Amino acid sequence: MAAGCSMERGIHEEALYKQIKEVNYSDADLLKLISDREKSGRINDFVYKAYKRLAKERGLQ
């Protein structure tokens, strides 16, 4: 069962990443979103991970 949950989580995480990528945030906005999440301590969720992944792909971090 744990493997199924992990796979399902990966699917949701990938779908969320694609949605965030489609929004096409500017580099400055993306870095601000990451910074805001870090300041508020929300760094262990899918959204933060998706922001960080997109920033890394853009060569921002």
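Student: Which exposed residues does the face of H2 turned away from its buried side carry?
Tutor: That face of H2 carries Ala28 and Lys39. Exposed means over 50% relative accessible area, buried under 20% and partly exposed in between, with a 1.4 Å probe and protein chains only. This is a predicted model, in which local features need pLDDT of at least 70 and side-chain atom pairs count only at pLDDT 80 or more, while totals for chains, interfaces and linings use all residues. Residues are numbered from 1 along each chain as its sequence is written, and side-chain values use heavy atoms, with hydrogens and water left out.

Student: And which residues of H2 are buried?
Tutor: Leu30, Ile34 and Arg37 are the buried residues of H2. They lie on the same side of H2 because they cover an arc of only 65° around the axis, the arc being that of the directions from the helix axis to the C-beta atoms.

Student: Why do residues three or four places apart point the same way?
Tutor: An α-helix has 3.6 residues a turn, so residues at that spacing point the same way.

Student: What do the buried residues of H2 pack against?
Tutor: They pack against helix H3 (46–57), where contact means heavy atoms within 4.5 Å.

Student: How many residues does H2 have?
Tutor: Helix H2 has 14 residues, 27–40. From first C-alpha to last it reaches 20 Å, close to the 20 Å expected at 1.5 Å a residue; the expected span is 1.5 Å times one less than the number of residues. Helices here are DSSP runs of H or I with at least four residues, numbered from the N terminus. Just after H2, Gly41 takes a positive phi of about 85°.

Student: Now the charges. How many salt bridges does the structure hold?
Tutor: It holds seven, each a side-chain nitrogen of Lys or Arg within 4 Å of a carboxyl oxygen of Asp or Glu.

Student: Which residue forms a salt bridge with Arg37?
Tutor: Asp45 does, with the closest N and O atoms 2.6 Å apart. Arg37 is buried at 11% relative accessibility, whereas Asp45 is partly exposed at 25%.

Student: What about Glu57, which residue does it pair with?
Tutor: Glu57 forms a salt bridge with Lys21, the closest N and O atoms being 3.5 Å apart. Glu57 lies in helix H3 and Lys21 in helix H1 (residues 2–23), so the pair ties together parts that are 36 residues apart in sequence.

Note on methods. Helices (H or I, at least four residues) and strands (E, at least two) are DSSP runs, numbered from the N terminus.
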